[in-house]
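Dear colleague,

Please find below the sequence and the structure that I am handing over to you. My notes on what was found follow directly after them.

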Amino acid sequence: MSAETLVCRAGIEGGDSAFDDREARRISRASYRMLRLVTDLLDVARIGYGRLSIDKKPSDLNLLLEDVRDAFTPVAHAKSISLDVNSNVGSETVLLDSDRTYQVLANLLANAIKFTLTGGHVEVEAHRDDDELQLSVRDTGPGIAESERSAIFERFHQLPNQASGGHGLGLYICRAVVDAHDGRIWVDSVLGRGSVFHVVLPVG
Ligand SMILES: Nc1ncnc2c1ncn2[C@@H]1O[C@H](COP(=O)(O)OP(=O)(O)O)[C@@H](O)[C@H]1O
Ligand SMILES: [Mg+2]
């Protein structure tokens, strides 16, 4: 049902608040997905033109991890997946683009939760070692075959037989953001057991 139809129905039929709430949530989810797609497509265009810039600033890693935890705990719990965020990053600020780093973590976490079955476990770890920040996102999902582990970072690449609801752009953008930081990103995985995505960023 379109937004216009919804407004008309609400006007004609008067308040059915359960119906309104459900439809409002549905419209809000659809708008969010559309916004994500537009933002991802813009990023893909920027990458294509060599224009994906990053803006390194003193950043509070604990705040960044808290934001990630707050945003994704409800998403994980809605699928009965437990989510842990462990960190030893300390309280000093470090130099990085925190919005872009959030984007990387959010993409990896969204995948981990999306591809892990109900009842599974997802874990984020953050370690700071001098001028290097190491991040990892571990899941108990289906795993990724060795032959696919570099291809999944290509534009539009999605594994067959995996209903994702996405467009295969998330990991491509993650890799570009990490490259722009002169960092590294890769995945370790055991088929049938799960995957661990690793990101290493220089933060000096
Ligand atoms: N944690 C994961 N476990 C298993 N497969 C994954 C995981 N993350 C990514 N993949 C695979 O890599 C593909 C590309 O991921 P991504 O670029 O984020 O695209 P999307 O999430 O839109 O499908 C996914 O479609 C999926 O096949
Ligand atoms: Mg994705």
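**Notes on the structure**

Asp130 counts as exposed because it has 8 C-beta neighbours inside 10 Å; a residue is called exposed if 12 or fewer other C-beta atoms, placed from the backbone, lie within 10 Å of its own, buried if there are 20 or more, and partly exposed in between. Asp130 lies in the loop between β4 and β5, and its phi is near 50 degrees, a positive value in a residue other than glycine. Helices (H or I, at least four residues) and strands (E, at least two) are DSSP runs, numbered from the N terminus.

Please note that this is a predicted model, in which local features need pLDDT of at least 70 and side-chain atom pairs count only at pLDDT 80 or more, while totals for chains, interfaces and linings use all residues. Residues are numbered from 1 along each chain as its sequence is written, and chains are lettered from A and ligands numbered from 1 in the order in which they are written.

**The chain as a whole**

The protein chain has five helices and seven strands, in the sequence pattern α-α-β-α-β-β-α-β-β-α-β-β. Its C-alpha trace spans about 65 × 40 × 35 Å along the principal axes. Of the 204 residues in the protein chain, 26% are buried. Two residues are in contact if their C-beta atoms, placed from the backbone, lie within 7 Å. Among contacts between residues at least 6 apart in sequence, 66% join residues at least 24 apart.

How does the span of helix α3 agree with its number of residues? The expected span is 1.5 Å times one less than the number of residues. For the 18 residues of α3 (residues 61–78) this should give 26 Å, and the end C-alpha atoms are 26 Å apart, which agrees.

Leu61, Leu64, Leu65, Val68, Phe72 and Ala76 of α3 are buried. The elements that cover these buried residues include β1 (57–59), β2 (82–87), β3 (94–96), α4 and β4 (121–129). After α3 comes Ser80, whose phi is positive, near 55 degrees.

A nonpolar core is a set of buried Ala, Val, Leu, Ile, Met, Phe, Trp, Tyr and Cys residues joined through C-beta atoms within 7 Å. The largest such core has 38 residues, of which Leu108, Leu109 and Cys174 touch the most other members. Two or more residues of this core come from each of α3, β3, α4, β4, β5 (132–139), α5 and β7 (194–202). Leaving aside residues up to four places away in sequence, Leu109 touches Val68, Phe72, Val122, Val124 and Val137.

**Leu133 in strand β5**

Leu133 lies in strand β5 and is buried, with 24 other C-beta atoms within 10 Å. Not counting residues up to four places away in sequence, Leu133 touches Val94, Ala126, Arg128, Leu201 and Val203.

How many of the 11 residues of α5 are buried? Nine of them are, and the helix is mostly covered. Gly170, Tyr172, Cys174 and Arg175 are among them. The buried residues of α5 pack against α2 (17–48), α4, β6 and β7. Just after α5, Asp182 takes a positive phi of about 60 degrees, although Asp182 is not a glycine. Asp182 sits in the loop between α5 and β6 (184–190) and is exposed, with 10 other C-beta atoms within 10 Å.

**The surroundings of ligand 1**

Which residues are closest to ligand 1? They are Asn111, Gln158, Leu159, Gly166 and Gly170, out of 22 residues that surround the ligand; a residue is near a molecule if its C-beta atom, placed from the backbone, lies within 6 Å of it. Both α4 (98–115) and α5 (170–180) supply at least two residues of this shell, and α4 gives the most, with four residues. By class, the shell has nine nonpolar, 12 polar and one charged residues. Here Ala, Val, Leu, Ile, Met, Phe, Trp, Tyr, Cys and Pro count as nonpolar, Asp, Glu, Lys and Arg as charged, and the others, Gly among them, as polar.

With kind regards
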